[in-house]
Amino acid sequence: MMAAAGAMPVPEVTRPCPVCGSGDESRVFAEARYDLAKLDSHAFASRKVPEYMHYRLVLCPTCDLVYASPVPSAEGLARAYDEAAFDSGEEAGCAARTYGRLLAGLVGGLADRGTAIDVGTGDGAFLGELAAAGFSTVIGVEPSAAPIAAAAERVRPWIRHGTFREEDFAAGEASLVTCFQTLEHLPDPAAFSRSAFRLLKPGGAVFFVGHDYRALPNRLMGRRSPIYDIEHLQLFSRRALGEMLRRTGFTSIDVRPITNRYPLHYWLKLAPLPMALKRRLCDAARATWLGRLQLPLPVGNLAAVGFKPADP
Ligand SMILES: [Zn+2]
């Protein structure tokens with residue numbers, strides 16, 4: 001599925017820091033770099049070949065977040081995601097298993113295993129992990145139609161197509177809210193964090209995974225790191241992500257680097273190489289057992305957990 005050319009929304013809304021509200025724009029992290037003509041519907045798909053394009057980025061001196069400003073309107077973003085292509089089924093499965101291993105260490109600390117909500121669920125690969133972990137109700141929310149069409153038969157009925165809206169759920173309903181590699185894409189991540197807090201029952205938790213722009217691999221790759229992406233409206237560090245959870249009211253916050261396990265051809269896809277060469281290497285790797293071998297690498301991702309206090 002391909003969207004029409006020009007699917008990329010134009011940045012038109014300036015904003016303060018979306019985590020702490022600071023309007024201090026004195027530290028420009030990177031000037032805007034994008035070419036409207038080069039973007040197609042794959043620009044708004046997960047785990048795609050990186051294009052090294054991004055909006056203007058500002059470093060917040062208060063909470064350490066790097067955030068885009070100006071950004072497209074919420075309507076422009078919603079339209080772009082609805083039409084985005086999906087080509088990452090195998091990789092989504094690998095990521096889901098990595099997060100599933102982390103989930104195993106978390107569920108014992110939860111109040112119970114009632115409802116689990118996965119926001120930005122993609123093809124719902126993680127929903128199977130949630131069901132296997134014993135949650136009685138598993139719900140995925142995904143704004144793009146293409147990954148839902150690619151979802152496994154078993155989990156597709158659990159996925160709701162659309163942008164996440166707090167009012168679609170009952171307050172205090174959830175035992176767990178998860179959001180993987182999606183916080184960067186949200187127009188207002190702190191508002192989402194507060195929504196998750198209200199949806200949780202006391203003793204419930206959020207489990208987030210995002211990029212760490214301060215992690216060594218991302219610093220080494222510089223602007224060729226795949227974290228610099230037109231879809232990423234903000235980039236977290238350990239401090240910025242912890243700060244967002246703390247300001248929301250979460251306790252027992254734990255933010256730490258994680259190791260992701262992906263096939264070699266996926267690592268090649270992310271590597272800072274010329275696009276044509278990279279496509280050839282990826283295709284070659286995909287066809288061999290070596291290319292499909294799963295390699296665990298610390299790629300500069302963060303896992304964050306925070307609990308809603310049991311006694312408010
Ligand atoms: Zn800030």
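Ala30 sits opposite Leu57 in β2. Before I go on, this is a predicted model, where local features need pLDDT of at least 70, side-chain atom pairs count only at pLDDT 80 or more, and totals for chains, interfaces and linings use all residues. Residues are numbered from 1 along each chain as its sequence is written.

That pair belongs to an open sheet of 4 strands, with antiparallel pairing and the order β1-β2-β3-β9. The edges are β1 (28–30) and β9 (234–235), and each has a single partner strand, so one side of each has no neighbour in the sheet.

Zooming out, the protein has 10 helices and 11 strands. Those are DSSP runs, numbered from the N terminus: H or I over at least four residues for helices, E over at least two for strands. Of the 312 residues, 48% are buried. For burial, we count other C-beta atoms, placed from the backbone, within 10 Å of a residue's own: 20 or more is buried, 12 or fewer is exposed, and in between is partly exposed.

Now the parallel strands. Strand β4 (residues 115–119) and β7 run parallel, with 5 bridges joining them, and Thr115 has Ala174 in β7 as its bridge partner. Strand β7 (residues 174–180) also pairs with β8, again in the parallel sense, over 6 bridges.

On to a helix pair. Helix α5 (residues 189–199) packs against helix α7 (residues 238–248) at an angle of about 50°, and their axes are 9 Å apart. The axes are lines fitted to C-alpha atoms, over the stretch in contact for helices, and angles run from 0 to 180 degrees between N-to-C directions. The two helices are therefore oblique to each other; under 35 degrees would be roughly parallel, over 145 roughly antiparallel, 65 to 115 roughly perpendicular, and the rest is oblique. On the α5 side, the contact has Pro189, Ala190, Ser193, Arg194 and Phe197, which meet Met244, Leu245, Arg247 and Thr248 in α7. Contact means C-beta atoms, placed from the backbone, within 7 Å.

Most residues other than glycine have a negative phi, and most peptide bonds are trans. Where do we see something else? Ser69 and Pro70 are joined by a cis peptide bond, with omega about 0°, and Pro70 is in the loop between β3 (66–68) and α1 (74–82).

Then there are two non-glycine residues with positive phi. Gln181 has phi near 50°, and lies in the loop between β7 and α5. Ser252 has phi of about 45°, and belongs to strand β10 (residues 251–263). Which of them is buried, and which exposed? Gln181 is buried, with 20 other C-beta atoms within 10 Å, whereas Ser252 is exposed, with 12.

Technical notes. Contact = placed C-beta atoms within 7 Å. Pairing = 2+ DSSP bridges.
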